[in-house]
Amino acid sequence: MRWNSNLLVPVAALALCATGLAQTPRYNFGRAATPEEIRSYGVLVGPAGKELPPGRGSAKEGAPIYAQKCAACHGKNGEGTKVGPDVVGGKGTLASAHPVRTPGSFFPYATTIWSYIKSGMPANKPGSLSDDEVYALTAYLLSLDEIVKESDVLDAQSLPKVRMPNRNGFVPTVPVWPEAPAQRRQYP
Amino acid sequence: MSSKKSDRRRFLKASTALAAGALGAKSGLAAEAANEPKAGPRNYANLGERSRFVTTARKDDYLNRLYPSKKVTPLQDLMGIITPASLHFVANHSVPPDVDPREYRLLIHGMVDRPMTFTLDDLQRMPSDSRIYFVECNGNGAPGKHGMSTARPEKTTSENVQDIHGRTSCSEWTGVPLSVVLNEVGVQKGASWIVSEGYDSQKYSHSLPLSKAMDDVLLAYGQNGEPVRPEQGYPVRLLAPGFQGPESVKWLRQIKVVDEPYVTREEISMHSYLSPNLQGKARWFHFEMPPKSVILRPAMGQQLPGKGYYEITGLAWSGGGAIRRVEISVDGGRSWKDAKLQEPVLRFAHTRFRFNWTWNGEETVILSRCTDERGTVQPALAEFSKRLGAPKDFWRTSSVFHFNAIQPWKIERDGKVTDAMEL
């Protein structure tokens, strides 16, 4: 609680500790959420893929879906158009003078691609894809970058295990806050 | 100053003359009475409006074909430290939702003892707090905005200071501290992050360290005394003070308490960046905005009517806390003098600075440089580039976020003010 004036800090700090220890509701607003209700909000998927739903798909199945629902904005082969960015390519360019950042070249986890396609794509009709379609489309994009094979099946188990080329491409390796002064100085 | 401003000054002079005339001799009164303003409206609107002579407004930032265009704040016209909600910048990555407050539900779940949903009424009945905080886009003032870079996403030409730096705004935000609400659901041991999602078309999502969430983050429903505006996240948004704007998720839909950052597409594709000293690696989860100051009058896009007195004024702010000092140079950086900081000087808020200056009519460059409570000093471009390891031509093709290099404005002999950032 750092916004307070110096005088108030000890009191505020005490209040914070009390919150940390007590963990009992004090105001009794809000309602318990049922499992169905939680499910109705859809999933937020982390790198471990714990929340990934059942379903499956391969690049082979993804290709026709891509042609029908994605190519208009991202190009026939994922090269991008005036409307949508390139979604393939860029391998080995990140350290060059002209880095090309795509899901295949830049994203550290395949779960990031899955989640975004699921919640945000196609941009003109977000949220309209089935889980199977999203697995298949993720597999298709990854196959164009030769990260998975055309016949590989992606599902809740295999997707988080996909080894993305740029898995270790981010600093600091373990993000934290607050950052130590030395770390703050290291990166502008 | 803009021609608009000098018009206003002329207008003020005219009205002073009028008052003097009225007190003085009768002669000339009839002629001056012609300057008497017409009567205003017979009744006031219940939702007040500004004078029809006031024209300051936001401008379009670069256009996106799919989403409503982004907007930049007319910083050069602001007074004091508060940005009116109608002038607050907008940088959304999606189509905003039209949320009915009666239908609104916020779900909080994940590593908690009691997963719960909250209505707007629930949140507004909990203990509230109001605090003045800036929100700044992480790409504000980025090199591309200085007209050199061809890098995405800031491919535009800038006409004035608003185009370059107008992605920061400062409001009084009212809401319930997130720590209070997290206490209601009971955060479990082992939890270390939260991931938040909005009700917008793309279901924008971002991760935040639990340490910050429990510290000073607000679930804000009020902005400058009224409900948060739709484009700012109505009815409820996160407000993570001092952190880059993207952390403050709007139209808040759900918060999941988790044990690692969720590495969402926005935080990778949009909010991480490669820089030369990292040799192909990228900086991610870069939360705090660095100390920055900008002179807003005189500034690019304005025209000084002639030599004489000018108040140099602008804003300074830092994600590191409060601004301690702003220095001004009116001789291209050879000498520096302290500007006066206008109270209140608040942590994570815009701070107004003022400096008296008499322009001798010669060409010069004016600059401002701020220092925050940690002692971090706003760097000159050369120093910023050095820390980044950026070669000389780097800025032509590349861009970075959190760009806070000192902004030099060149005053030409004819009074024209231009951007002298030499990228």
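Helix α5 of chain B, residues 178–185, is mostly covered in this predicted model. Eight of its eight residues are buried, where buried means under 20% relative accessible area, exposed over 50% and partly exposed in between (1.4 Å probe, protein chains only). Among them are B:Leu178, B:Val181 and B:Glu184. B:Gly186 follows the helix with a positive phi, near 75 degrees. Helices (H or I, at least four residues) and strands (E, at least two) are DSSP runs, numbered from the N terminus.

Residues are numbered from 1 along each chain as its sequence is written, while chains are lettered from A and ligands numbered from 1 in the order in which they are written. Local features need pLDDT of at least 70, side-chain atom pairs count only at pLDDT 80 or more, and totals for chains, interfaces and linings use all residues; side-chain values use heavy atoms, with hydrogens and water left out.

Chain B also holds an open sheet of four strands, in the order β15-β16-β20-β19. The pairing is antiparallel. Strands pair if DSSP finds at least two bridges between them. Strands β16 (residues 308–317) and β20 (residues 351–359) of chain B are joined by nine bridges. B:Thr313 has B:Arg354 in β20(B) as its bridge partner.

Between chain B and chain A, the contact (heavy atoms within 4.5 Å) takes 77 residues from chain B and 63 residues from chain A. The buried area is about 6,300 Å², with 57% from carbon and sulfur atoms. This is the accessible area (1.4 Å probe) that two parts lose on being put together, summed over both. Three salt bridges are counted between the chains, each a side-chain nitrogen of Lys or Arg within 4 Å of a carboxyl oxygen of Asp or Glu. One of them joins A:Glu179 to B:Arg283, with the closest N and O atoms 3.1 Å apart.

Zero disulfides are found over all chains, a disulfide being a pair of cysteine sulfur atoms within 2.5 Å. The sulfur of A:Cys70 lies 8.8 Å from the closest cysteine sulfur, in A:Cys73, too far for a bond. For B:Cys170 the closest is B:Cys370, at 14 Å, also too far. B:Cys170 is buried at 0% relative accessibility.

The model scores ipTM 0.88 and pTM 0.90. Mean pLDDT, the predictor's confidence in each residue from 0 to 100, is 90 for chain B. Over residues 1–27 of chain B, pLDDT stays under 50. Where pLDDT is low, the predicted coordinates should not be read in detail.
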